[in-house]
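Colleague: Please take a close look at one part of this model, the side-chain contacts that link stretches of the chain. Which pairs are there, and where do they sit?

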Amino acid sequence: LLRTRLAPVVGLLLLTAACASDGRTLAPVDPHYTTTTGVGAAGATIGAPSGSESGSFLLSTNGFTAGSDLPTRFTCGGQGLSPPLSWTAPPAGVELDVVMRERSPEGKVQWIVTGIDPAILGFGEGGVPEMATEQVNASGNVGYLPPCPPPDTGITTYDIVLHVLDERLVVEPTEAAPDLAARIETMSKSEALLTAIINTGGSG
C-alpha cells in the first residue's frame, strides 16, 4: 500500500527534474518595451523600440531611434509628416499634451497637440488621436511644422515632450505658439522626453 501511494509522487519528482535539466529557461521580460495600437488618423500599429525615460514614464517612436537623425519624411525635405508616438501608462492626469521644440535660444515651436485622452497610449504618423487638437506652430499655422534648419549649420536637436496635465487646458483663440507651449510646460505635472537631430553639415 505504501509503494502504491509513493508511485505518483516519485513520478512527479522525475518529471520536474527532467524539465529543470533540459537546458531551457524563460527569457526575462524587458520592462521598457511596450506594444500599443495607434489611434491616430494613420491608424497604424505602433511598437516602442526606442525612447527616452522620465522615471517610469517612457515616450517612444518606431519612426526613428531616439537621439538619432530625424528621417527625411518628417522634415521639410520630405513629406513633412508628423512622427508616430507611443508611451507607457502615464501618471494620473486629466489630459496629455505634446510640445515639440527646436533646442535653440528661441525654442522654436514645431508642434503642439492638446487634449489627448490619458487612456490613449499612442498614435500613428501624420495624424493625432480622436478628440485631440493640433494647435498653432511657430509659423502661425495650425499643425506640424516640419523641421527645416539652414544648410551648413551643423547639428540641430529637437525635443518632443509629452506632458501630463492635472487640469483641462483652455486654448485662447489668439494665443501664439510660444505662449501656449510655455503655459503647457508650466502646468505640466510630469513629462517624458524624446529627442531627434538633423545634421546639415558645416561647423554649426
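Modeller: What follows goes through the aromatic pairs, the salt bridges and the disulfide.

First, the ground rules. This is a predicted model, in which local features need pLDDT of at least 70 and side-chain atom pairs count only at pLDDT 80 or more, while totals for chains, interfaces and linings use all residues. Residues are numbered from 1 along each chain as its sequence is written, and side-chain values use heavy atoms, with hydrogens and water left out.

Start with the rings. A search of the whole structure finds four aromatic pairs. Rings of Phe, Tyr and Trp (its six-membered ring) pair if their centres lie within 6.5 Å; planes under 30 degrees apart are stacked, over 60 edge-to-face, and the rest tilted. One of the pairs is Phe64 with Phe74: the ring centres are 6.4 Å apart and the planes stand at 65°, so this pair is edge-to-face. Both residues lie in the loop between β4 (57-61) and β5 (85-87), so the pair ties together parts ten residues apart in sequence. Helices (H or I, at least four residues) and strands (E, at least two) are DSSP runs, numbered from the N terminus. Phe64 and Phe74 are both buried. Buried means under 20% relative accessible area, exposed over 50%, and partly exposed in between (1.4 Å probe, protein chains only).

Trp111 and Tyr144 make another pair. Their ring centres are 5.3 Å apart and their planes are at 80°, so this contact is edge-to-face. Trp111 sits in strand β7 (residues 109-116) and Tyr144 in the loop between β9 (133-134) and β10 (155-165), so the pair ties together parts 33 residues apart in sequence. Trp111 is buried, and Tyr144 is buried too. These two rings also belong to one aromatic cluster, formed by Trp87, Trp111, Phe123 and Tyr144.

Now the charges. The whole structure holds six salt bridges. The criterion is a side-chain nitrogen of Lys or Arg within 4 Å of a carboxyl oxygen of Asp or Glu. Among them is Arg168 with Glu95, at 3.5 Å from N to O. This pair links distant parts of the chain: Arg168 is in the loop between β10 and α2 (177-187), Glu95 is in strand β6 (residues 95-102), and they are 73 residues apart. Glu95 is buried, at 1% relative accessible area.

Asp159 and Arg103 form another salt bridge, at 2.6 Å from N to O. Asp159 lies in strand β10 and Arg103 in the loop between β6 and β7, so this bridge ties together parts 56 residues apart in sequence. Asp159 is buried, with 16% relative accessibility.

Lys189 pairs with Asp166 in a salt bridge, their closest N and O atoms being 3.7 Å apart. Lys189 is in strand β11 (residues 188-199) and Asp166 in the loop between β10 and α2, so the pair ties together parts 23 residues apart in sequence. Lys189 is partly exposed at 43% relative accessible area, and Asp166 is partly exposed at 48%.

Last, the covalent link. There is one disulfide in the structure, a term for a pair of cysteine sulfur atoms within 2.5 Å. Cys76 is joined to Cys148, with an S to S distance of 2.1 Å. The torsion about their S-S bond is about 70°, so the disulfide is right-handed. Cys76 lies in the loop between β4 and β5 and Cys148 in the loop between β9 and β10, so the bond ties together parts 72 residues apart in sequence. Cys76 is partly exposed at 42% relative accessibility, and Cys148 is partly exposed at 47%.
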